[in-house]
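Let's walk through a protein model together, one question at a time. Have a look at it first, then read on.

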Amino acid sequence: LCHGAKGIRNGGKMNKFIRIAAAGVMSLAFGAVAQAEVTVKVAYDADPVSLDPHEQLSGGTLQFSHMSFDPLVRWTQDLQFEPRLAKSWEQIDANTTRFHLRSGVKFHSGNVMTAADVDWTFDRLKESPDFKGIFSLFTDVKVIDDHTFDLITSEPYPLVLHTVTYIFPMDSKFYSGTTDDGKDRAELVKHGDSFASRNVSGTGPFVVSSREQGVKMVFDRFEDYWDTETAGNVDQIILTPIKESPTRVAALLSGDVDFIAPVPPTDLARVADNDGTDLITMPGTRIITFQMNQNRVEALKDARVRQAIDYAVNNAGIVDRIMRGFGTVGAQASPAGYLGHNPDLKPRYDLAKAKELMAEAGYAEGFEISMMAPNNRYVNDDKIAQAVASMLAKINIKVDLQTMPKAQYWPAFDERAADMMMIGWHSDTEDSANFHQFLSHCFDQDSGNGQYNSGNYCNAEADMLMAKANAETDAAKRAEMLQQMETILYNEAAFIPLHWQNLAWGVRKGVHAEKIVNALNFPYFGDLVVD
């Protein structure tokens, strides 16, 4: 571990901040930062693509949000709810939940957080192309006083607290007004340049002190952080993106970094057996899939062709040989334990059946498609894409495959730039409906439903079942509806399910990350204890 590095101080003047230029990007570093005594060097496969917590609904964005912002409520390791900025709550009526905020919580700018900031943040979430789908059943935040507000839904909704884990109050005063060049400081620009994408003022444990996109981010402990009861003792985090897995693992084993993620399946034993490191693993619930774009390829409108592709993909072989068993073969989006998981749906690799379906649909001679996948977002993503492409060749589908870093991939994904595109998804609400809402629901720009449905699949019955399930508070009835929904998607081969990706972190001994990681893959670095 690195000790003795200096943080930024300004004599305790909370409203003063320093602009730091990094690779042409301006990031804010506020003054109230403690002198760094314990520095932890972190290496992920990629760094956040933006500092705007509402720009992209992704794991990288949410990992960052838990460092520089705080949610109203967060998940514990055993998937219970833990109060954070909201200290308590109660249900007022069937459609209203009242939340009580902690008092005296400061943003990095020095502004004091109030319920008005929650209201402002909620309104911005409702405008975010990525996040508004999660909040589609939420109609309003009604401010009662500075520390009390009501969250109102359009109908009884069983997942209110699940969804509140995605409300990270933003500093409304800081993000209001205009920039020097006349732009709205609150402007939300996807894959673009905005004030919020380059500047941050949250309530979280760490201030962004410097940022060089794709190279390094430095986080310093927020001296006025509200959670004085946390045992966390890390004063500075240096995040370095290392895309190549062997290089990332080598950096941990050599002592150059203290915390890495992910650890590739090929190196689990090396990290576990090394005297100076520990391996932390958890079963995962992120489903890795391919989507098939029916608007780009006529053949993909035929369910038999989509089924043929599913039958041609040996997902068990991918888990066995590429993932080295570090994953669970999937046949649906919902993992075991979710209400929508249907145990009757089985993986269906059968090459003879795949060829039969292609012939039946009139495509025995096959066709050509383009395919895109990231090469630094999911474990072995590029290798998986190469394997799927070679499997499809066996049913005469010729694939033109491109892989690229996620910073380039997500804009291409939003453009639906290829005929088949890879996407992994962890349910935002730990509930089955969320998979369908974002990945396979009929696309609706107004509601945000289908925001990540690059296949343009659409089934009104599946959508209706999701909507009915979201309004049903009886768990048994919800399960029945959600399992029916999963069955429809399976029968129509709405997408190609590959596997649920397990999670693995590597740390230097003495870095007690086992207490701060979770199945959502959002490490709570503010609570990290280092010997």
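Before we start, one term: two strands pair if DSSP finds at least two bridges between them. Helices (H or I, at least four residues) and strands (E, at least two) are DSSP runs, numbered from the N terminus. This is a predicted model, where local features need pLDDT of at least 70, side-chain atom pairs count only at pLDDT 80 or more, and totals for chains, interfaces and linings use all residues. Residues are numbered from 1 along each chain as its sequence is written, and side-chain values use heavy atoms, with hydrogens and water left out.

Q: Over how many bridges do β11 and β12 pair?
A: Strand β12 covers residues 216–221, and its pairing with β11 is antiparallel. Within that pairing, R211 stands opposite M217 of β12. The count of bridges between β11 and β12 is six.

Q: Which residue takes a positive phi in the hairpin of β11 and β12?
A: The hairpin has three residues between the strands. The phi in question is near 80 degrees, and the residue is G214.

Q: How many of the seven residues of β11 are buried?
A: Buried means under 20% relative accessible area, exposed over 50%, and partly exposed in between (1.4 Å probe, protein chains only). By that rule strand β11 (residues 206–212) is mostly covered. The number of buried residues in β11 is six.

Q: Why is strand β4 largely enclosed by the rest of the structure?
A: Strand β4 takes in residues 38–44, seven in number. It counts as largely enclosed because the buried ones among those seven number six.

Q: Which residue of β13 stands opposite V42?
A: Strand β4 pairs with β13 (residues 236–241) in the parallel sense, over six bridges. β4 also has a parallel pairing with β14 (residues 259–261), over three bridges, where Y44 stands opposite A261. Back in β13, the residue opposite V42 is L239.

Q: Which residue is the bridge partner of T96?
A: Strand β8 (residues 96–101) and strand β10 (residues 148–153) pair in the antiparallel sense over five bridges. In β10, the partner of T96 is I152.

Q: How many residues apart in sequence are the parts tied together by Y175 and F195?
A: Rings of Phe, Tyr and Trp (its six-membered ring) pair if their centres lie within 6.5 Å; planes under 30 degrees apart count as stacked, over 60 as edge-to-face and the rest as tilted. Y175 and F195 are edge-to-face, at 6.3 Å centre to centre and 80 degrees between the planes. Y175 sits in the loop between α3 (160–164) and α4 (195–198) and F195 in helix α4, so the parts they tie together are apart in sequence by 20 residues.

Q: Which ring does the charged end of R348 sit over?
A: A charge sits over a ring if NZ of Lys or CZ of Arg is within 6 Å of the ring centre and within 35 degrees of the ring normal. R74 lies over the face of Y524, at 4.0 Å from the ring centre. R348 is 4.0 Å from the centre of its ring, which belongs to Y490.

Q: Which cysteine does the disulfide join to C442?
A: A disulfide is a pair of cysteine sulfur atoms within 2.5 Å, and a search of the whole structure finds one. Its S to S distance is 1.9 Å, and the partner of C442 is C458.
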